[in-house]
Amino acid sequence: MQPDRTPKSRTSKRTYDDSPDTAESFSRIAALPDGPERAALCQEVVCAWMPMAVRLARRFRYRGESAEDLTQVAQLGLVKAVSRFDPSLGNAFPSFAIPTILGEVKRHFRDELWVVHVPRRVQELRGQVRSADHELSATRGGTISAVHEIATHTGLTEAEVRLGQGALEAYTTWSLDAVPGHPTDGHPLTDTLGDIEPDFDLIVNREALRPLLRALPDREREILYMRFFCEMTQACIGARLGVSQMHVSRLITRTCARLHAQVMAEPRAFRKAS
């Protein structure tokens with residue numbers, strides 16, 4: 001008798017060795033009330049299916065999250081699947097657990113890993129643009145897709161495509177010490193940041209004082225002008241005005257104190273008026 005040499009189908013369904021037979025355990029869980037015995041049995045089933053959760057978590061590696069964190073999130077999804085599974089519906093546990101676990105991992109990426117807050121709609125656009133770009137690139141040997149090509153492929157507008165592209169790198173940020181480009185001839189990002197311009201404060205102070213100086217009495221304004229703009233001594237100012245140096249000193253101190261109080265009070269007055 002000749003052996004059967006019929007080739008096996010190349011489209012046969014792939015099987016995994018992480019699918020234990022826990023049908024009886026799920027039936028017992030469904031029959032038990034809440035309590036220590038039910039919790040212990042659920043824990044036993046979770047441990048039995050843990051390799052499947054680890055395998056599903058590996059699908060999301062190289063996306064900016066550590067393997068340990070991904071595994072923990074997948075295990076959390078497995079716990080939820082075990083606690084919610086109803087064997088009376090007649091479905092196999094993997095058909096319920098896999099979407100639950102994958103949904104938990106995707107939710108983790110959506111809610112926890114964005115560096116900046118990104119609206120839900122923009123997150124959805126990011127996923128559509130990313131998938132469309134991969135599909136188009138695969139058909140053309142890795143060529144980068146243009147905005148209008150992605151828009152035609154997805155049915156989105158070009159503005160929506162650009163919005164989704166802008167969120168593609170929102171999961172991660174660069175350190176200010178990073179050196180873009182070639183490390184040997186590049187410069188850290190800190191070198192591209194400008195310093196605080198000290199003269200900005202001088203401009204702000206002058207503009208704040210300008211109307212207050214105009215409102216001063218002529219004599220006080222003249223004294224400040226001679227002292228701070230002409231750099232005259234108090235003695236010279238007193239001699240010109242026919243008053244003592246001490247009187248000039250008191251006038252300057254009093255006027256400057258009043259100007260300072262008015263400048264500091266302006267923000268509060270502005271807030272009350274607005």
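Buried means under 20% relative accessible area, exposed over 50%, and partly exposed in between (1.4 Å probe, protein chains only). The model is predicted: local features need pLDDT of at least 70, side-chain atom pairs count only at pLDDT 80 or more, and totals for chains, interfaces and linings use all residues. Residues are numbered from 1 along each chain as its sequence is written, and side-chain values use heavy atoms, with hydrogens and water left out.

**View 1. Phe85 and Phe93 form an edge-to-face aromatic pair.** Both residues are buried. Rings of Phe, Tyr and Trp (its six-membered ring) pair if their centres lie within 6.5 Å; planes under 30 degrees apart count as stacked, over 60 as edge-to-face and the rest as tilted. By this rule there are six aromatic pairs.

**View 2. Phe26 and Phe93 form a tilted pair, because their ring centres are 4.7 Å apart and their planes stand at 35°.** Phe26 lies in helix H1 (residues 23-31) and Phe93 in helix H4 (residues 93-112), so the pair ties together parts that are 67 residues apart in sequence. Helices (H or I, at least four residues) are DSSP runs, numbered from the N terminus. Phe26 and Phe93 are buried. In the pair of Phe85 with Phe93, the distance is 5.2 Å centre to centre, with 80° between the planes.

**View 3. One aromatic cluster is formed by Phe26, Trp49, Phe85, Phe93 and Phe96.**

**View 4. Arg227 lies over the face of Phe228.** The distance from the ring centre is 5.8 Å. A charge sits over a ring if NZ of Lys or CZ of Arg is within 6 Å of the ring centre and within 35 degrees of the ring normal.

**View 5. Tyr225 is found in helix H9 (residues 218-229).** Tyr225 counts as partly exposed because its relative accessibility is 48%.

Note on methods. Helix = DSSP H or I, 4+ residues; strand = E, 2+ residues; numbered from the N terminus.
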